[in-house]
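Here's a quick tour for anyone opening this structure for the first time. Take a look at the sequence and the 3D view, then read on.

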Amino acid sequence: MIPGGTNLAALATNAAYESTLLFNAAQTSTAVPPSETPTVSPTITLTLPPTETPTPTETPTPTATKLPVVVLATATPELTDVPMTNFGPGRVEIPILMYHHFSEDPIYERYTVSPKVFGEQLKWLHENGYRTISLANFANAVNYGKRLPSKSFVITIDDGNADVYSVAYPLMKQYGYTATVFLIANTVGTYNVLDADMVKELHRNGWEFGSHSMSHTDLLANNVDLDYEICQSKKTLEEMLGININFFAYPFGSANERRMDIASECKYWAAVGPGVNDRGTVLFYLPRREVQADYTMEQFQALLKDQ
């Protein structure tokens, strides 16, 4: 539960993953000297094995919904070949999917979806009228209401492994799909992780990028420098990549009221974590549905339905 600072769920620590993250952090510089965050209108893979995502039981319910003062996003063109619906303001019934890695070798079990399975999922989505939207447009819909494809959904990918570029990108490009990728600032450009050139190419083609913290540490652990992990990671990525970093993903899904407040104060537009309930009402904890490696097509399809 979020109130009181308790972790969202019992988290099983993956020792290999933690060692990998520490190795990456050790191979890179620590913090980039702070610089002024680029002005935005809103207030509002070494293959990295992700730490196990907690099985969501409920979405945090803060005492007050966090809403940005304004969110400006690139206008979504009116599509002529798909039905459109007015979403929001307020609760937005659009699913947000969460992926991690794409490989034929399921070295990280539930977190590594094979390219074949991912391709089949994308094909089914497109044939059944689903269209990706950006998190920026999702936030716009929550705040002000927005006309979007009736079967809109969001794809998010955590950690920023190189297979995002080599596997996910070409498969998604066939269908005109885009995603939001959450980068661990201290690992960008290290072995088997997206580098700046890859990120910039994806960004030019409509992909969004967010921060997954500086070092992928549990933000509810003792003695964590929250400004460094949440705020400095935004500044570091923006300076490194030359793009706006408007979204944050809580490592391990660990967040509470204070962590959400800091994300807002650091001028992110929204933040995400694992969960299924109360979608699209709390911008600084938007729940995502994890796509696990062993899901059948029926289980995958169920993620797109209201729960």
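A residue is called buried when its relative accessible area is under 20%, exposed when that area is over 50%, and partly exposed in between, using a 1.4 Å probe and protein chains only. What you're looking at is a predicted model, where local features need pLDDT of at least 70, side-chain atom pairs count only at pLDDT 80 or more, and totals for chains, interfaces and linings use all residues. Residues are numbered from 1 along each chain as its sequence is written, and side-chain values use heavy atoms, with hydrogens and water left out. Helices (H or I, at least four residues) and strands (E, at least two) are DSSP runs, numbered from the N terminus.

- Asn223 has a positive phi, near 60 degrees, even though the residue isn't a glycine.
- You'll find Asn223 in the loop between strand S9 (208-211) and H6, and with 83% relative accessibility Asn223 counts as exposed.
- Asp159 also has a positive phi without being glycine, this time near 90 degrees.
- Asp159 is part of strand S7 (residues 152-159) and is buried, at a relative accessible area of 1%.
- Between Gly88 and Pro89 the peptide bond is cis, with omega near 0 degrees; Pro89 sits in the loop between strand S1 (84-87) and strand S2 (96-99).

- Strand S11 (residues 270-274) has five of its five residues buried, so the rest of the structure largely encloses S11.
- Two strands count as paired if DSSP finds at least two bridges between them.
- On one side of the pairing list is strand S10 (residues 247-249), which pairs with S11 in the parallel sense over three bridges; here Phe248 stands opposite Ala271.
- S11 also runs parallel to strand S12 (residues 286-290), joined by three bridges, and Pro274 has Arg288 of S12 as its bridge partner.
- S10, helix H7 (residues 257-265) and S11 together make a right-handed β-α-β unit (right-handed: with the strands pointing away from the viewer, the path from the first strand over the helix to the second runs clockwise).

**The disulfide**

- How many disulfides does the structure hold? There is one, where a disulfide is taken as a pair of cysteine sulfur atoms within 2.5 Å.
- The partners are Cys231 and Cys266, with their sulfur atoms 1.6 Å apart.
- This pair links distant parts of the chain, 35 residues apart: Cys231 is in helix H6 (residues 226-241) and Cys266 is in the loop between H7 and S11.
- Cys231 is buried at 10% relative accessible area, and Cys266 is buried at 10% too.

**Helix packing**

- Axes here are lines fitted to C-alpha atoms, for helices over the stretch in contact, and angles run from 0 to 180 degrees between N-to-C directions.
- Helix H2 (residues 115-127) and helix H4 (residues 163-173) have axes that come within 10 Å and cross at roughly 25 degrees.
- H2 and H4 are therefore roughly parallel (under 35 degrees; over 145 is roughly antiparallel, 65 to 115 roughly perpendicular, and the rest oblique).
- H4 also packs against helix H5 (residues 196-204) at an angle of about 25 degrees, with the axes 10 Å apart, which makes H4 roughly parallel to H5.
- H2 passes H4 in a right-handed crossing, while the crossing of H4 and H5 is left-handed (left-handed: the near helix is turned anticlockwise from the far one by less than a right angle; right-handed: clockwise).
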